[in-house]
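Student: I would like to go through this structure one feature at a time. Please show it, and then I will ask how to read each feature.

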Amino acid sequence: MLTVLLIPIITAVLCYLVKSPRFIGYVSLAGMSVLVVAAARLIAASLAAPVYELQEALFMDAFSAYVMALMLFYSFAAAVYSISYLQHEFETGLIDIRGMRRYYGLFHLFVFTMLLVVAANNLALMWIGMEATTIVSALLIGLGFHKRPLAVEAAWKYIVLCTVGITFALLGTFITYYAASSVVGHESALNWTVLSGIAAKLNPGTMKLAFIFMLVGYGTKAGLAPVHNWLPDAQSQAPSPISALLPGWTAFYAIMRFLAIVSPSTGVSFTGNLLVIFGLISIGIAAIFIVVQDNYKRLLSYSSVEHMGIMALGVGIGGPLGFYGSLLHMLGNTFAKPLMFFTSGKIQARFGSTNIANVTGVFSSMPLLGAMTFIGALALAGSPPFNIFISEFTILKAAADKGMWLVLGIFLFFAAVVFYGVLSGFGKMLFGDPGRESGAGSLVRPRIPVTVGTVLGNGIMIAMTASIVVMGFTIPQFIDRTIRACIAALGAN
Amino acid sequence: MKHWLETYSIIDFISVGILLTAVTLNAFKSIESYVKAYTINSWLLAGLIAVVGVLVNESHLYMAAVLTVLTKGVLIPIIIWRIIRRMRVAHEVTPYISNTLSLAISGILVAVVYASLQGGIFVTGFSRDALQISIAVILISLFIMITRKKALTMVMGLLFMENGLFLAGFSLTFGMPTIIELGVLFDMLMGVIILGIFAVQIKRVFASADLDKLTVLKG
């Protein structure tokens with residue numbers, strides 16, 4: 001596990017040392033590939049049995065392995081896509097070699113901090129990793145601030161809001177430590193493995209307070225409404241590969257882990273109700289903003305808020321079925337959301353605008369890109385036959401089984417609004433006449449020349465589209481088994 | 001030493017000092033005074049940790065006190081001073097509301113905290129007041145963050161909030177293991193440096209460090 005954590009750090013240093021703008025992307029990709037290979041063995045091992053290292057400071061079970069695999073997937077895709085994206089930025093003079101070195105260095109540090117969060121056994125160590133993700137990714141969002149003044153605004157909002165939020169999570173951590181140390185003494189009272197053993201004995205009043213602080217704190221980082229305000233700014237201003245990594249699964253992972261410790265003492269209904277309320281608020285607010293949105297990158301980030309809300313809702317409804325739906329949703333979103341940010345990055349590079357009204361006829365001028373965007377938009381909107389539809393349906397079924405008809409009704413209503421909003425927004429961009437010469441409506445940038453980088457970038461996007469389509473028809477056996485193992489590890493049976 | 005500390009209830013004196021340095025933020029007009037108040041606040045916090053270390057005879061608390069002084073009491077103030085010099089700002093804080101009103105609201109916040117944590121669920125070891133004071137400091141600094149315009153005041157509010165948080169954590173659990181505390185302090189230090197970088201950039205890009213200029217991104 002230590003090697004897996006060290007590889008991104010080494011890659012970061014290597015990338016920072018490379019001085020050639022042509023090779024730096026491939027160095028980063030090579031480092032990423034080594035990481036994926038090394039992590040694959042670790043993931044396979046921890047799916048079979050929990051893995052401990054460094055005197056139990058690091059720990060992985062099926063759930064950490066699942067989240068780590070998803071994180072590695074989107075990080076790998078972003079590393080591939082970064083090559084062509086940065087090449088294009090370099091050629092148009094938006095970034096220089098110093099900026100590229102900083103970008104790749106920070107990118108791999110970001111990967112390291114994300115992996116640290118899922119590999120940490122200690123609650124406070126996980127908090128340290130989480131705060132580090134905020135700091136590193138704020139720098140990535142604000143990168144190249146001389147040419148993109150709005151990015152400074154976005155990065156500022158991001159780091160201030162998330163730091164305040166995460167400070168509350170630290171208070172929650174302290175309170176948990178207080179509750180746990182009165183049961184087991186001071187040694188190792190913050191380890192997940194110890195806490196889950198004594199979860200039922202913790203003081204319910206104290207744990208309720210701790211959970212509220214944790215949910216607000218990590219909920220800010222996860223992008224749950226009403227503390228989601230940083231997310232649309234950050235995702236619309238960050239470089240496209242970085243938008244695909246935000247907000248990531250780190251904070252949601254923490255909430256899930258925490259839930260497993262808190263609910264045995266407080267009862268499932270307390271934690272479940274809080275998550276359902278947060279989830280429904282997120283879905284509702286996101287739906288309203290999606291419908292009125294005129295910027296397609298912001299539209300996508302409100303869709304991220306919506307999907308976070310759906311996942312919180314599924315976990316809040318609870319039971320094996322609710323958890324299953326949420327974890328499956330995580331998988332579907334891991335493919336669809338980065339894909340959409342990648343394609344919209346390409347559209348932005350081609351049309352030079354993020355305004356929906358300025359983009360038209362993507363389908364006829366760039367058929368492949370148009371088709372991928374269309375499939376991605378359908379998947380994100382939750383239409384059948386895609387994976388996200390299956391997971392949303394599972395969550396609906398969980399709600400119906402528990403007789404939560406009001407929750408089900410509200411969810412269905414807002415899901416329909418989101419469906420309309422996403423498809424009408426992207427429909428306007430994809431279809432229509434590309435040759436319309438109405439000022440900003442025409443193609444303002446030349447075609448991007450074909451290089452190894454663009455071929456790789458397109459390859460990863462095609463692979464993601466294919467996965468979305470395939471997993472809409474069937475959930476592969478090993479994924480089904482993994483999700484069931486996760487539910488067992490979280491104790492939701 | 002121990003006897004002397006107990007007779008004169010030094011712990012309560014220090015805790016009240018921490019609260020007062022936070023309350024004074026409401027009255028200050030210049031960013032320099034904020035930094036001075038923060039430095040005093042951090043030294044008091046470290047002093048409190050050391051005193052409790054003497055009282056309960058825990059040697060790892062001395063280590064925590066030294067770490068707190070080094071980062072919060074020395075390093076972070078130096079960094080903030082350097083940022084202030086680099087920004088060459090007009091040193092006024094320009095609050096949205098008057099100082100009198102601001103002070104009154106802070107007073108109400110303290111009262112509310114004391115009233116609501118009266119018969120709380122927490123049984124803390126060394127002082128009846130430390131937890132109440134820490135929550136009050138957190139609330140006051142949040143209040144400062146939302147009512148002041150400048151980017152740097154926001155950073156100062158955040159720093160005060162973290163001090164309050166450390167006090168809360170300390171009064172609940174006698175501090176975390178030293179290695180964890182080291183990691184948390186390191187994160188905070190990096191956070192301050194990066195907030196400083198962005199504050200300088202905001203000043204450069206928007207030709208002002210007023211946060212009400214940051215209104216382009218919305219909806």
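Student: Where is the place of A:Pro247?

Tutor: This is a predicted model. A:Pro247 sits in a loop of chain A, between helix H10 (240-245) and helix H11 (250-266).

Student: What kind of peptide bond joins A:Leu246 and A:Pro247?

Tutor: Start with the general idea: most peptide bonds are trans. The bond joining A:Leu246 and A:Pro247 is cis, with omega about -15 degrees.

Student: Which way is the peptide bond from A:Pro384 to A:Pro385, cis or trans?

Tutor: The bond from A:Pro384 to A:Pro385 is cis, and its omega is near 5 degrees. A:Pro385 also lies in a loop of chain A, here between helix H16 (367-381) and helix H17 (387-401).

Student: Now helix pairs. At what angle do the axes of helix H12 and helix H13 of chain A cross?

Tutor: For a helix pair, take the distance between the axes, then the angle, then the handedness. The axes of H12 (residues 268-291) and H13 (residues 296-317) of chain A come within 7 Å and cross at roughly 160 degrees. Angles over 145 degrees count as roughly antiparallel, and H12(A) and H13(A) are therefore roughly antiparallel to each other. H12(A) passes H13(A) in a left-handed crossing. The residues of this contact comprise 18 nonpolar, six polar and one charged.

Student: How are H3(A) and H19(A) set to each other, roughly antiparallel or oblique?

Tutor: Helix H3 (residues 62-91) and helix H19 (residues 452-473) of chain A have axes that come within 8 Å and cross at roughly 140 degrees. H3(A) and H19(A) are therefore oblique to each other. The crossing of H3(A) past H19(A) is left-handed.

Student: Which residues of H3(A) and H19(A) meet?

Tutor: From H3(A) come A:Ala77, A:Val80, A:Tyr81, A:Ile83, A:Ser84 and A:Gln87, and they meet A:Gly453, A:Thr454, A:Leu456, A:Gly457, A:Ile460 and A:Met464 in H19(A). By class, the contact of H3(A) with H19(A) has seven nonpolar, five polar and no charged residues.

Student: How many residues does the contact take from chain A and from chain B?

Tutor: For an interface, count each side, then ask which elements supply the residues. The contact takes 33 residues from chain A and 27 residues from chain B. On the side of chain A that touches chain B, the elements giving two or more residues are H5 (123-141), H6 (149-184) and H8 (204-222) of chain A. H6(A) gives the most to that side, with 19 residues. By class, the side of chain A that touches chain B has 24 nonpolar, six polar and three charged residues.

Key: Residues numbered from 1 in each chain as written. Chains lettered and ligands numbered in written order. Predicted model: local features only at pLDDT ≥ 70, side-chain atom pairs only at ≥ 80, totals over all residues. Contact = placed C-beta atoms within 7 Å. Helix = DSSP H or I, 4+ residues; strand = E, 2+ residues; numbered from the N terminus. Nonpolar A, V, L, I, M, F, W, Y, C, P; charged D, E, K, R; others polar. Axes fitted to C-alpha atoms, helices over the stretch in contact; angles between N-to-C directions. Parallel < 35°, antiparallel > 145°, perpendicular 65-115°, else oblique. Left-handed = near helix turned anticlockwise from the far one by under 90°.
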